[in-house]
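Subject: Structure for your review

Dear colleague,

Please find the structure below, followed by a summary of what was found in it. I would be grateful if you would read the two side by side.

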Amino acid sequence: MTPALPMLRIGHGYDLHRLEPPAPHGRGRPFILAGVHFDHPVGPVAHSDGDAVYHAVVDALLGALGMEDIGQSFPDSAPEWEGKDSATFMEAARRTLEDKGFALVNLDVTVICERPKLAPQKSQMIANIARLLGVDVARVNLKGKTHEKVDAVGEGRAVEVHVVALLAQVAAS
Ligand code: MG
């Protein structure tokens, strides 16, 4: 017989958005990460608002629950998600998590981009994630890294985000 195991679930989320200048020189939207707008000459090419942090967080949570990814839940062919504030996706993921009887233990976010520097906005980004997920800021960690000037991310042509989330079951689903 299998011994009882703690009801913990881990999930990984990943997202990347190409960065372009705004119209008419490109298709970039305003640069936004974890709900914080950065003054930057290029921004994400995306169907929604292109918030790569929120997208990767949602995928980590859905992954931990053994569910399909954000692209299945909110298809980029659907007109209702055009330019959508990605906080909507975070709120939907939080509801799904709670409906399934899980709570967030902790979240670790790594943002990789050459510019802009995230440090001055880091605490605001963490506060936004924690607020949308209804958890204490101590449960959310966020790190910024560069890509050492190599490849698309290092050349400032893309932003990349990795997230690991740990969930614990708090109620029978
Ligand atoms: Mg995305």
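Is D15 buried or exposed? D15 is buried, with a relative accessible area of 15%, where buried means under 20% relative accessible area, exposed over 50% and partly exposed in between, with a 1.4 Å probe and protein chains only.

On provenance, this is a predicted model in which local features need pLDDT of at least 70 and side-chain atom pairs count only at pLDDT 80 or more, while totals for chains, interfaces and linings use all residues. Residues are numbered from 1 along each chain as its sequence is written, and side-chain values use heavy atoms, with hydrogens and water left out.

**Magnesium site**

The magnesium ion has as its protein donors D15 (OD), H17 (NE2) and H55 (ND1), which lie 2.1 to 2.2 Å from the ion. Donors are N, O and S atoms within 2.8 Å of the metal (3.2 Å for Na, K and Ca); water is not among the atoms, so sites may look incomplete. Because D15 lies in strand β1 and H55 in helix α1, the pair ties together parts that are 40 residues apart in sequence. H55 is also buried, at a relative accessible area of 8%. Helices (H or I, at least four residues) and strands (E, at least two) are DSSP runs, numbered from the N terminus.

**Sheet**

Five strands form an open sheet with mixed pairing, in the order β4-β1-β7-β5-β6. Its edge strands, β4 (43–44) and β6 (140–145), each pair on one side only. Two strands pair if DSSP finds at least two bridges between them. Strand β1 (residues 8–20) pairs with β7 in the antiparallel sense over eleven bridges, and R9 stands opposite L167 in β7.

Helix α3 (residues 87–99) has 13 residues and should span 18 Å at 1.5 Å a residue, which agrees with the 18 Å between its end C-alpha atoms; the expected span is 1.5 Å times one less than the number of residues. The buried residues of α3 are A87, F89, M90, A92, A93 and L97. They pack against α1 (52–64), α2 (70–73), β5 (102–112), α4 (122–133) and β7 (158–169), contact meaning heavy atoms within 4.5 Å.

The axes of α3 and α4 are 8 Å apart, and the two helices pack at an angle of about 45°. They are therefore oblique to each other: angles under 35 degrees count as roughly parallel, over 145 as roughly antiparallel, 65 to 115 as roughly perpendicular and the rest as oblique. Axes are lines fitted to C-alpha atoms, for helices over the stretch in contact, and angles run from 0 to 180 degrees between N-to-C directions.

Yours sincerely
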